[in-house]
Amino acid sequence: MAAARDAALGEAQRLGCTSTEFRVERIHSQHVRLRDGDLEGAADDTELGVGIRVVIDGGMGFAATVAAGADEAAELVVRAVDAARTIARAGGGRVELAPEPSHGSVTWSSPYTVDPVDVPLADKVALLADWSGRLLAADQVDHVTAHVLAVTEDTYYADLAGTEATQRRVRVHPVVEALALDADNGFETMRTVAPPAGRGWEYLQGDGWDWDGELASLPGLLGDKVRAPSVEAGQYDLVVDPTNLWLTIHESIGHATELDRALGYEAAYAGTSFATFDQLGVLQYGSPVMHVTGDRTTPNGLATVGIDQEGVPGQSFDLIRDGILTGYQLDRSIAAISGLGASNGCAFADSPLHVPIQRMANVCLQPADGEGPSTEDLIAGVDHGLYIIGDKSWSIDMQRYNFQFTGQRFFRIEHGRLVGQVRDVAYQATTTDFWGAMEAVGGRSTYVLGGAFNCGKGQPGQVAPVSHGCPSVLVRGVRILNTRNESGR
Amino acid sequence: MTSPGLPPAQDVVDSVLTAAGGSSDHCVVLVEDTSEVEVRFANNSTTTNGNRRNRTVTVISMRENAAGTSAGVSRRGGDVDVVELVRAAERDAGESPPADDVSPLIGPEEVTALAASRDRFDAPPGSTDLSVLSEVLSGLSGTFSRARAGDYVVAGYAEHRRGTVYLGSSSGVRLAHEQPEGALQLLARSADGSASTWAGVGTPDFADVSIEALEERLRGRLAWSDRQLERPAGRYEVILPPEAVADLMVNLAFEAGGRDTEDGKTVFSRPGGGTRVGDTLSPLPFDLRSDPAEPGLECSPFLAAASSWGDTSVFDNGMPLGRTDWIAGGRLERLRYHRAGASRSGTRPAGFIGNAVLELPGATGTVEDMVARTERGLLLTCLWYIREVDPATLLLTGLTRDGVYVVEDGAVVGAANNFRFNESPVDLLARVTEAGAGTRAFGRELGEDFNRTRMPPLRVPDFNMSSVSQAS
């Protein structure tokens with residue numbers, strides 16, 4: 001490693017690069033999937049490679065390989081420099097990176113007890129088979145799928161500024177879904193709402209989530225759902241559980257406050273943002289109870305790091321305060337272009353073979369100050385509405401205005417009380433209308449850190465893990481669709 | 001060429017099979033060498049780029065015992081420690097319960113028709129570099145200059161990849177396939193952000209790609225946006241261009257898994273049990289097929305499966321793939337099955353194939369011809385953020401993107417706002433009233449993952465635009 005690093009950084013200096021980042025990564029992933037209690041497939045995958053980004057003569061180049069010797073590292077620098085010059089001749093603007101001092105030697109790790117990729121496959125299969133068996137034993141359940149994705153990501157980073165970092169990130173995402181067939185109503189599914197977490201295998205053994213409780217509740221919830229009446233389309237007040245709201249935050253706030261999008265650098269693919277740069281400090285994003293932060297420091301957060309892939313330490317910052325847009329997520333090039341001065345640590349690549357781009361921090365909606373309302377308190381404030389739990393389908397336009405989400409469980413609220421489930425529900429809104437109608441946020445006791453492993457962005461496509469914490473919230477007057485009606489049936 | 005510092009793929013295949021010889025009952029090895037280049041551009045400037053070589057080695061070890069046969073799969077990148085990798089796969093095979101997708105490994109006698117793939121095994125992997133994109137790169141500075149002068153902004157992406165997969169098995173099969181694949185996408189936005197339009201093309205080698213032609217098309221469409229017309233949500237007569245049809249039909253094809261369907265989980269499940277194979281999906285005699293030999297859309301003629309999943313089995317590695325008609329004459333014809341699943345269900349196996357073609361026999365004409373025959377309707381450019389809402393109907397939601405054009409009396413008269421749609425591609429096939437000739441189509445959403453499709457433009461008389469999107 002040291003020889004390859006020295007060869008790469010030495011070659012970069014010799015060639016006159018003004019910035020160079022050398023990154024070696026090993027990403028160990030395991031995916032295990034059971035179908036009706038039987039192993040359907042398992043894969044153990046280790047990606048190992050070297051990626052080098054250079055800035056030279058105002059151009060940026062990136063090259064990567066899976067061969068890891070010193071000679072190959074030096075050759076990579078030559079390829080990256082060649083790419084920077086070739087691309088610059090095609091009409092590139094001058095690349096600048098916001099300055100970042102040396103942070104010396106940094107060592108960081110996710111908090112975990114049991115490295116999930118070290119757990120024997122037999123143990124993984126046995127646990128998922130046990131979970132599946134509990135559900136299949138219930139009369140209401142016809143089929144069960146269970147899977148877990150476990151990742152341990154080791155990164156070594158060094159740059160010309162003198163920062164050197166070694167870090168390990170660990171994460172797991174177990175999912176169990178039950179399906180019920182019904183002669184009259186077709187079929188319905190019900191999935192666990194346990195979020196993915198930056199934790200070790202201990203998470204599946206109950207450290208951080210009540211698996212026994214959730215699995216025990218699923219058959220009854222599913223049985224009720226498949227026989228539930230179809231929702232009547234219209235305007236409803238919503239109490240949105242954090243297990244659903246995290247995804248709405250992700251799509252309508254997380255991506256909308258990425259400054260590379262707002263400045264047009266994702267226009268060709270992921271899109272731009274309605275939250276344009278001229279709206280900073282001005283845009284009324286939502287109601288005054290809305291306080292949203294970005295961070296790469298939340299314990300067990302999927303986007304949490306010690307240092308990012310441009311040598312910037314993980315940090316926390318405001319995005320929306322009192323309902324007003326007050327900040328953006330930045331990497332070093334976007335920080336320089338925008339004149340905001342310094343990156344807030346949001347560079348990430350999903351592979352040693354991919355160039356780092358600006359990716360999402362843990363974007364979180366803060367709970368109410370003090371004790372704050374409970375979810376039951378929020379429900380009590382609704383005369384006619386729905387309480388939505390768990391995420392499912394999601395879609396939003398390329399400027400993050402118009403969204404549509406479904407969920408796992410929808411309970412009717414009448415006169416402040418839950419009165420049973422309905423099905424075929426989707427909610428649809430415009431971002432600022434939705435957040436502007438958020439009347440109340442729950443207290444800390446309602447707060448859950450949700451998230452996903454698979455946030456997509458960039459070309460070639462990259463996936464990033466990211467968490468979103470939030471409390472339960474009360475939103476007034478949201479359009480509810482009946483999805484059966486939407487399909488014309 | 002093989003990446004510097006890595007042994008030839010053929011040597012890795014041999015080493016794996018040798019290492020597994022005394023300890024695995026059966027073994028399959030896949031070596032995938034890829035070479036890729038790409039460049040992005042935005043705001044009339046190049047932005048990020050990439051240039052990389054990758055190798056993955058996947059070892060599938062099979063163990064037989066009294067209870068059945070188990071499989072273990074391990075994959076590593078780069079210059080792998082072959083013995084460690086084989087032992088890891090064997091360990092997982094030893095820890096796994098018997099697989100339910102077991103079939104005898106494909107033998108040499110079953111791949112006699114794959115002469116080109118057998119011969120390809122002895123050759124080095126394909127490689128690519130930035131020279132493939134030279135005409136695109138040399139054209140970009142002019143494109144950027146014209147955009148600045150024309151008061152619009154160009155963004156886009158060009159990529160090229162050559163991936164070569166080498167497959168070897170303890171049953172004696174040796175096959176290889178090299179897949180060249182590329183795409184160019186261009187987006188033009190008016191400087192004030194009030195209008196945008198897009199064009200994308202898939203290509204094996206960029207020999208058939210003209211950045212100037214795409215640019216010309218975009219300029220014409222931006223001119224259509226000079227007149228902005230507001231349209232409310234509702235059902236509209238819509239002309240779906242091939243790029244939009246591609247994304248909808250690929251979603252439909254992905255859903256055609258035999259086992260999920262038999263379990264009652266898909267739109268192709270028959271209520272009460274069984275599948276809808278044989279049912280008429282469309283009154284028009286549409287054909288939807290995949291064929292590795294499809295002219296211009298050639299892809300791997302054998303299955304290479306790095307893990308068992310759904311209707312794909314590691315035991316089927318090397319299985320020859322041929323023309324498969326998913327829909328024929330408007331009737332649902334086939335679902336995907338691995339060999340074990342097909343045997344259980346009394347049907348033929350049908351593996352995943354890397355292309356899709358929808359056609360209406362005898363249909364002719366272009367999008368422009370269909371516009372000329374439209375009294376009142378909307379012409380779309382592409383669809384975006386398509387997600388499944390209801391698997392029972394395959395109801396999809398998504399958005400129109402980069403240009404919705406209002407058609408009146410046979411001509412485009414302006415550009416409308418974008419919409420969110422809620423529609424099922426299965427239902428659409430039942431309601432289509434007209435199709436044009438098929439052309440190679442690059443889906444805006446799925447093209448980067450599924451590059452090779454040929455699709456016709458379609459006319460749908462009552463497309464469900466559920467709400468207005470303010471995005472432009």
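How many salt bridges are counted between domain 1 of chain B and domain 2 of chain B? The count is one. This is a predicted model, and the values that follow are computed from its atoms.

The salt bridge in question joins the side chains of B:Arg452 and B:Glu181, with an N to O distance of 2.7 Å. The two residues fall on either side of the domain assignment of chain B, which gives residues 9-215 to domain 1 and residues 226-249 together with 364-469 to domain 2. The C-alpha centres of these domains of chain B are 31 Å apart. Their contact draws on 19 residues of domain 1 of chain B and 13 residues of domain 2 of chain B. About 1,200 Å² is buried between domain 1 and domain 2 of chain B, with carbon and sulfur atoms giving 46% of that area.

Polar contacts across this domain interface of chain B link eight residue pairs, both residues of each pair being at pLDDT 80 or more. On the side of domain 1 of chain B that touches domain 2 of chain B, the elements that give two or more residues are strand E4 (152-169), strand E5 (174-190) and strand E6 (196-203). By class, that side of domain 1 of chain B consists of eight nonpolar, nine polar and two charged residues.

The next interface is the one between the chains. Here 82 residues of chain B and 81 residues of chain A take part in the contact. The area buried between chain B and chain A is about 7,100 Å², and carbon and sulfur atoms give 49% of it. Of the area that chain B buries against chain A, 10% is supplied by B:Arg40, B:Asn49 and B:Trp309, more than by any other three residues.

Six salt bridges are counted between chain B and chain A. In one salt bridge, B:Arg75 is joined to A:Asp45, where the closest N and O atoms are 3.1 Å apart. B:Arg75 in E3(B) is also the bridge partner of A:Asp45 in the strand pairing. That pairing is between strand E2 (residues 38-56) of chain A and strand E3 (residues 68-77) of chain B, which run in the parallel sense over three bridges.

Polar contacts between chain B and chain A number 44 residue pairs, both residues being at pLDDT 80 or more. E2(B) gives eleven residues to the side of chain B that touches chain A, the largest share. By class, this side of chain B has 23 nonpolar, 34 polar and 25 charged residues.

B:Thr47 lies in that strand, E2 (residues 45-65) of chain B. Leaving aside residues up to four places away in sequence, B:Thr47 touches B:Arg40, B:Phe41, B:Ala42 and, from chain A, A:Tyr265. The C-alpha atoms of B:Thr47 and B:Tyr157 are 9.8 Å apart, although 110 residues separate the two along the chain.

Chain A also holds an open sheet of four strands, in the order E11-E10-E9-E14 and with antiparallel pairing. Strand E11 (324-325) and strand E14 (362-365) of chain A each have a single partner strand and stand at the edges, so one side of each is left without a neighbour in the sheet. The partner of E11(A) is strand E10 (residues 316-321) of chain A, which runs antiparallel to E11(A) and is joined to it by two bridges. Within this pairing, A:Ile320 has A:Leu325 in E11(A) as its bridge partner.

Notes. Residues numbered from 1 in each chain as written. Chains lettered and ligands numbered in written order. Predicted model: local features only at pLDDT ≥ 70, side-chain atom pairs only at ≥ 80, totals over all residues. Heavy atoms only, no water. Contact = heavy atoms within 4.5 Å. Domains from an automatic or database assignment. Buried area = accessible area lost by both parts, 1.4 Å probe. Salt bridge = Lys/Arg side-chain N within 4 Å of Asp/Glu carboxyl O. Polar contact = N/O pair within 3.5 Å; in protein donor to acceptor, adjacent residues only side chain to side chain. Nonpolar A, V, L, I, M, F, W, Y, C, P; charged D, E, K, R; others polar. Pairing = 2+ DSSP bridges.
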